[in-house]
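Here is a brief report on one protein chain. Please look over the sequence and the model before reading on.

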Amino acid sequence: MSNKSFSLKFKGDARNTGSMRNDIDVSFESMNEKFKLATDEGAFHGGKGTAPPPLALFTASLCGCVM
């Protein structure tokens with residue numbers, strides 16, 4: 001079996017834009033891809049529920065990697 005490797009560079013810029021809301025820009029330089037994401041907690045945690053909570057995106061990212 002041959003070994004394969006590649007370089008993956010990524011950058012994340014995050015800003016708090018509300019009580020519990022965060023807007024995040026993610027870019028993967030080596031693949032020339034950019035994404036805009038947002039997180040916000042629901043009212044129970046002091047947010048306004050304008051975006052998925054961070055734990056939902058974390059769970060989705062783990063599932064996406066495993067799948």
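## Fold

This is a predicted model. The chain holds 3 strands and 1 helix. Read from the N terminus, the order is β-β-β-α. The radius of gyration is 15 Å, well over the 11 Å that the globule rule gives for 67 residues, so the chain is more spread out than a compact globule.

## Dimensions and contacts

Along the principal axes, the C-alpha atoms occupy a box of roughly 50 × 25 × 10 Å. Sequence separation can be read from the contacts. Taking contacts between residues at least 6 apart in sequence, 9% link residues at least 24 apart.

## Burial, surface and charge

Of the 67 residues, 15% count as buried. The chain exposes about 5700 Å². Carbon and sulfur atoms supply 62% of that area.

The side chains include 8 positive and 7 negative ones. The centres of these two sets are 5 Å apart.

## A closer look at T39

T39 belongs to strand β3, which spans residues 33-39. Its relative accessible area is 7%. Buried means under 20%, so T39 counts as buried.

Conventions. Residues are numbered from 1 along each chain as its sequence is written. This is a predicted model: local features need pLDDT of at least 70, side-chain atom pairs count only at pLDDT 80 or more; totals for chains, interfaces and linings use all residues. Side-chain values use heavy atoms; hydrogens and water are left out. Helices (H or I, at least four residues) and strands (E, at least two) are DSSP runs, numbered from the N terminus. Buried means under 20% relative accessible area, exposed over 50%, partly exposed in between (1.4 Å probe, protein chains only). The radius of gyration is taken over C-alpha atoms; the globule rule is 2.2 Å times the number of residues to the power 0.38. Contact means heavy atoms within 4.5 Å. Accessible areas come from the Shrake-Rupley method with a 1.4 Å probe; for residues, only the protein chains shown count as cover. Lys and Arg count as positive and Asp and Glu as negative; His and the chain ends are not counted. The place of a charge is taken as NZ of Lys, CZ of Arg, CG of Asp or CD of Glu.
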